[in-house]
Amino acid sequence: MNTAELLANLLSPPVLCFALGLLAVAFRSDLELPPALTKTLSLGLLFMIGLKGGFSLAHSGFGLEVTKGLLAALAASVIVPIWTFFALRGRLGVNDAAGVAATYGSVSAVTFITACSFLSLQNIAYSGHMVAAMALMESPAIVLGVFFARRFATRTEGGGKVDWSHLGKDAFLNGSVFLLLGSLLIGLLAGEGQGATMKPFISTLFPGVLCLFLLDLGMVAARRMGGLRAVGGTALVFGLLAPLVNAALGLALCALTGLTGGDALLLVVLCASASYIAVPAALRTALPEANPGVYVSLSLAITFPFNIIIGIPLYHWAVSALLIAHS
């Protein structure tokens with residue numbers, strides 16, 4: 001991996017703001033962002049990236065490349081929770097393995113957005129349909145995770161019937177997916193010409209909003225690290241190895257589908273990321289037997305920092321090596 005590229009990522013404002021959040025907790029500062037502000041920042045980021053994806057998709061149109069990217073994303077959202085569940089159920093138990101499977105099979109929108117920022121800094125183009133790919137990957141893993149828990153758990157562990165109507169609402173109509181798809185559709189219908197008028201909102205405000213949101217996430221992640229002692233060695237190792245294994249899966253899908261450049265990196269990042277917003281919200285009601293101290297701590301305190309600090313430039317190097325090997 002290019003050392004200069006890794007250093008540039010470490011010294012980028014979003015990563016430095018994340019580090020500042022970690023330090024704020026480590027030094028017991030009273031720095032705190034109001035919950036209403038962090039919610040607004042989260043929704044703002046999703047809306048911006050959705051709009052930008054819609055405008056880009058309106059420019060490029062639908063075609064074979066779009067279809068291949070969406071199919072690759074859908075395949076990953078099914079493969080990841082399957083291997084995760086069966087790899088962990090013997091060590092963590094059925095319910096916690098199902099929770100981790102749902103978490104790692106789904107995606108982190110903030111990791112995706114940070115990767116988009118990384119590509120912009122590198123002047124590497126990417127397609128708008130990758131936003132749709134991200135939204136597509138949010139829900140299948142939630143459904144599979146709950147299905148595995150109900151299918152393999154005993155009655156005393158909470159096995160049995162699934163309330164599919166409630167689960168479907170949580171999986172497919174949760175706020176992040178709905179806003180992403182809605183803003184993507186708005187951008188697509190408005191067309192590329194309207195994108196110019198929205199540029200100050202999408203491009204100018206985006207870096208600052210991302211930095212503030214990552215500052216808050218740094219503090220949240222640091223607080224979660226305190227609970228990692230109770231997770232267990234197996235789960236901790238998984239939190240570091242899973243993004244690498246899933247990134248390798250993403251690379252294989254890129255090779256099979258012919259995705260290149262920024263689109264290939266974004267698919268790899270989506271495969272390597274893990275949800276800590278949409279999945280916990282859904283599992284809280286759909287799978288209360290799973291311990292959020294396990295699946296949230298792993299995704300937010302281990303996998304998310306790894307991807308933000310080291311993973312994105314590492315995956316970029318791997319994608320570049322793959323493209324050189326196939327050229």
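A residue is called buried when its relative accessible area is under 20%. By that cut-off R150 is buried, because its relative accessible area is 12%. The legends below describe a predicted model.

Figure 1. The chain has 17 helices and 0 strands. Its radius of gyration is 19 Å, close to the 20 Å given by the globule rule for 327 residues, so the chain is as compact as a globular protein of that length. The C-alpha trace spans about 60 × 50 × 40 Å along its principal axes. Of the 327 residues, 53% are buried. Among contacts with a separation of 6 or more, 89% are between residues 24 or more positions apart. The accessible surface comes to about 14,000 Å², and carbon and sulfur atoms account for 68% of that surface. The chain carries 16 positive and 13 negative side chains, and the centres of these two sets are 7 Å apart.

**Figure 2. R150 and E289 form a salt bridge.** The closest N and O atoms of E289 and R150 are 3.2 Å apart. This pair links distant parts of the chain: R150 belongs to helix α8 (residues 140-152), while E289 sits in the loop between α16 (278-286) and α17 (292-325), and the two are 139 residues apart. R150 is buried at 12%, whereas E289 is partly exposed with a relative accessibility of 33%.

**Figure 3. E32 and R223 form a salt bridge.** A search of the whole structure finds 3 salt bridges. In the one between the side chains of E32 and R223, the N to O distance is 3.0 Å. E32 lies in the loop between α2 (13-26) and α3, and R223 lies in helix α13, so the pair ties together parts that are 191 residues apart in sequence. E32 counts as exposed at 52% relative accessibility, and R223 counts as partly exposed at 42%.

Figure 4. E65 is partly exposed, with a relative accessible area of 42%.

**Figure 5. D216 is buried and has no salt bridge.** D216 is found in helix α13 (residues 206-225). The nearest side chain of opposite charge is R223, at 5.7 Å. A salt bridge requires a side-chain nitrogen of Lys or Arg within 4 Å of a carboxyl oxygen of Asp or Glu. Setting aside residues up to four places away in sequence, D216 touches L33 and T38.

Figure 6. T38 lies in helix α3 (residues 35-60). It is buried, with a relative accessible area of 13%. Beyond residues up to four places away in sequence, T38 touches L33, F213 and D216.

**Figure 7. G50 is buried in helix α3.** G50 has its place in helix α3, and its relative accessible area is 0%. Apart from neighbours within four places in sequence, G50 is in contact with V131, L180, S183 and L184. G50 and L179 are 129 residues apart in sequence, and their C-alpha atoms are 7.8 Å apart in space.

Terms used
Residues numbered from 1 in each chain as written. Predicted model: local features only at pLDDT ≥ 70, side-chain atom pairs only at ≥ 80, totals over all residues. Heavy atoms only, no water. Helix = DSSP H or I, 4+ residues; strand = E, 2+ residues; numbered from the N terminus. Rg over C-alpha atoms; globule rule 2.2 N^0.38 Å. Buried < 20%, exposed > 50% of the residue type's maximum accessible area, 1.4 Å probe, protein only. Contact = heavy atoms within 4.5 Å. Areas by Shrake-Rupley, 256 points an atom, 1.4 Å probe, with all protein chains shown as cover. Lys, Arg positive; Asp, Glu negative; His and termini not counted. Charge placed at Lys NZ, Arg CZ, Asp CG, Glu CD.
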